[in-house]
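Have a go before reading on.

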Amino acid sequence: MALTNNDVFKKLRVALKLRDDDIVKILELVDFRISKSELGAFFRNEDHPKYKNCGDQILRNFLNGLVIHLRGPMPKKEPKPKSTQSTSKRKG
């Protein structure tokens, strides 16, 4: 049996000891808004009436936010300074 997005999400939540508040904040890091009640629907049993499938977009946004949460934001790329080496040849 293959893991569903819900299974992956649940396993990451448990392994990283994340609360619903933490997950909401992680998703906000990538400008993805979700309520705690919407989030709770992903962690319910499949036979629960309020269970909801976790789509690829939500899991992808969570993983992207998790990278920022754990590693910090990517530093801004600065343009490389032009080389100051002289092209003239030395006599010697």
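**Exercise 1.** Find which residues phenylalanine 9 touches, skipping those up to four places away in sequence.

Solution. Start with the ground rules: this is a predicted model, where local features need pLDDT of at least 70, side-chain atom pairs count only at pLDDT 80 or more, and totals for chains, interfaces and linings use all residues. Residues are numbered from 1 along each chain as its sequence is written, and side-chain values use heavy atoms, leaving out hydrogens and water.

Step 1: contact means heavy atoms within 4.5 Å. Step 2: the list for Phe9 reads Ile23, Leu39, Phe42, Phe43, Cys54, Ile58, Leu59 and Phe62.

**Exercise 2.** Work out which members of the largest nonpolar core touch the most other members.

Solution. Step 1: such a core is a set of buried Ala, Val, Leu, Ile, Met, Phe, Trp, Tyr and Cys residues joined through side-chain atoms within 4.5 Å; buried means under 20% relative accessible area, exposed over 50%, partly exposed in between (1.4 Å probe, protein chains only). Step 2: out of 16 residues, the picks are Phe9, Ile23, Ile34, Leu39, Phe42 and Phe62.

**Exercise 3.** Track down the salt-bridge partners of aspartate 21.

Solution. Step 1: look for a side-chain nitrogen of Lys or Arg within 4 Å of a carboxyl oxygen of Asp or Glu. Step 2: arginine 19 qualifies, with closest N and O atoms 4.0 Å apart. Step 3: lysine 36 also pairs with aspartate 21, at 2.9 Å from N to O. Step 4: put together, Arg19, Asp21 and Lys36 form a salt-bridge network. Arginine 19 is exposed at 53%, while aspartate 21 is partly exposed at 30%.
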